[in-house]
Amino acid sequence: MDTAVPPAPAFPARRWLLPSALAGELDPDAGRDGRRPRRTVRDWLVDSSCFLLAVFVGLLAADGVTDNPHVPHSLAVLDQVMGVLACAAVWLRRRRPVELAAVLVLAGFVSDTAGGATLIALFTLAVHRPFRYVAWIGGVSLALVPPYYLWRPDPDVSYPAAVAFIVVLTGAVLGWGMLVRAKRQLMLSLRDRARHAESEARLRAEQAQRLAREAIAREMHDVLAHRLTLLSVHAGALEFRPDAPREEVARAAGVIRESAHEALQDLREIIGVLRAGQPDDAGRPQPTLAGLDALAAESRDAGTEVVLDVHVADPAAVPASTGRTAYRIAQEGLTNARKHAPGSEVTVTATGAPGRGLTLTVRNPAPEGEVRPVPGSGQGLIGLAERATLAGGRLTHGPTRGGGFEVRAWLPWTGPAGAAEDVPAREPDA
């Protein structure tokens, strides 16, 4: 089932309401050609308003400069020319905020009419650049205020009041700009967190799908491999012994029919669980440790000599998950012995108690004669090791000294006190 989430739009549909810088950050495709994002409708409205505001403040300042007796006529003309250039430079505030702010701060020391453009440049600097730029250029601007009013005093306002007003106004503009920048950074941070959360959710979904596929593969292998091995063994016997007695042929055919029926039944249950998405409570109960007797009897009927040695006081008291894992390990061990050592005696030993864990061993001697290799061997042991690890235990397997093979597993069995003692399992003989 494909649970991939379709990608959400990179930024809101009403892009024109966003600043171009913010829209460029929200749009992963913006700026890939090396150019800055184009102005949005909002940018044009804001830039036009800033330009008109700078012109309005400049016109008010121009009247004051003309009437100021402390300003010579030539300086007043230069003041107004610089004010016009400063107002025109406002259109560059998005492209060169640092350079523009630095130049206008120096220009504002000479020109009253450039004051509005200077404040707009400082605001733009605070919005678009980190604090270190604001601290240097804003600090220079504030430091130039007292000597400016000593050089060109205002005839209508006292020196302390004029200095205090400009310092407070400049600080408010810089603070407002830094607040806008902080809000934009918060929005981008929330966007990044949302993207990371979506990515993690997709990764968790993919991991859950992978774990579910692995669990289904293990279950299908454990359930069907045993049945299909019985089919293969008895079908092979009928193939290589066409002259077998009628009773033996009938018994082998009965085992084949029964194994095929059981395999189909198990397959129906697994498919039913997959379709329903949840376990089928109406199906057959899951096997437990108490089912080892029936498993051994089934293998004996198939022609495998099985010695079952269970030293567990009450197999029914074993936790269901532990018992089911032990049953699957024993089932896979018998299946492997039937495939790789046909005709050999298989010993299944189970020992344990609450608080000490459950130890299960499946051992078979070396096969008599040459055995043809079986395709796909080894996958079952990998699945068993995963099962044991998921159950909190461990599983080892390998050849023994006499050429046989042993599978040994230790599984936790929580005692009454709620603590399981980890009893190390003996390593198989080399």
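**Entry 1**

I looked up Trp 91 and found a relative accessibility of 28%, which counts as partly exposed (buried means under 20% relative accessible area, exposed over 50%, and partly exposed in between, with a 1.4 Å probe and protein chains only). I note that this is a predicted model, in which local features need pLDDT of at least 70 and side-chain atom pairs count only at pLDDT 80 or more, while totals for chains, interfaces and linings use all residues. Residues are numbered from 1 along each chain as its sequence is written, and side-chain values use heavy atoms, with hydrogens and water left out.

I then listed the aromatic pairs, of which the structure holds seven. Rings of Phe, Tyr and Trp (for Trp, its six-membered ring) pair if their centres lie within 6.5 Å, and planes under 30 degrees apart count as stacked, over 60 as edge-to-face and the rest as tilted. Phe 51 belongs to helix 2 (residues 41-67) and Trp 91 to the loop between helix 3 (73-89) and helix 4 (97-108), so the pair ties together parts that are 40 residues apart in sequence.

Which kind of aromatic pair do Tyr 148 and Trp 151 form? I found it to be edge-to-face, with 6.5 Å from centre to centre and 80 degrees between the planes. Tyr 148 and Trp 151 are three residues apart in helix 7 (residues 145-151), and about one helical turn separates them. Tyr 148 is buried, with a relative accessible area of 7%, whereas Trp 151 has 41% and counts as partly exposed. I also noted that ring pairs link Phe 109, Tyr 148, Tyr 149 and Trp 151 into a cluster.

**Entry 1: helix 2 against helix 3**

I returned to helix 2, which packs with helix 3 at an angle of about 175 degrees, the axes being 10 Å apart. The axes are lines fitted to C-alpha atoms, for helices over the stretch in contact, and the angles run from 0 to 180 degrees between N-to-C directions. The two helices, helix 2 and helix 3, are therefore roughly antiparallel to each other (under 35 degrees counts as roughly parallel, over 145 as roughly antiparallel, 65 to 115 as roughly perpendicular and the rest as oblique). On the helix 2 side the meeting residues are Phe 51, Ala 54, Val 55, Ala 62, Val 65 and Thr 66, and on the helix 3 side Ala 76, Asp 79, Gln 80, Cys 87 and Ala 88; contact means heavy atoms within 4.5 Å.

Not counting residues up to four places away in sequence, Ala 86 touches Leu 104, Ala 114 and Ala 117. Ala 86 and Leu 104 are 18 residues apart in sequence, and 6.8 Å lies between their C-alpha atoms.

**Entry 2: helix 10 against helix 11**

I next checked helix 10 (residues 292-301) and helix 11 (residues 320-340), whose axes come within 10 Å and cross at roughly 15 degrees. That makes helix 10 roughly parallel to helix 11. Leu 292, Leu 295 and Ser 299 of helix 10 meet Tyr 327, Ala 330, Gln 331, Leu 334 and Arg 338 of helix 11.

**Entry 3: two threonines in strands**

Is Thr 359 buried or exposed? Thr 359, found in strand 3 (residues 357-364), is buried, with a relative accessible area of 16%. Leaving aside neighbours within four places in sequence, its contacts include Thr 349, Arg 408 and Trp 410.

Thr 349 is found in strand 2 (residues 346-353), and at 23% relative accessibility it counts as partly exposed. The C-alpha atoms of Thr 349 and Asp 309 are separated by 4.7 Å, although the two residues are 40 residues apart along the chain.

**Entry 4: the whole chain**

Last, I looked up the totals: the chain has twelve helices and five strands, and buried residues make up 36% of its 430 residues.

Methods
Helix = DSSP H or I, 4+ residues; strand = E, 2+ residues; numbered from the N terminus.
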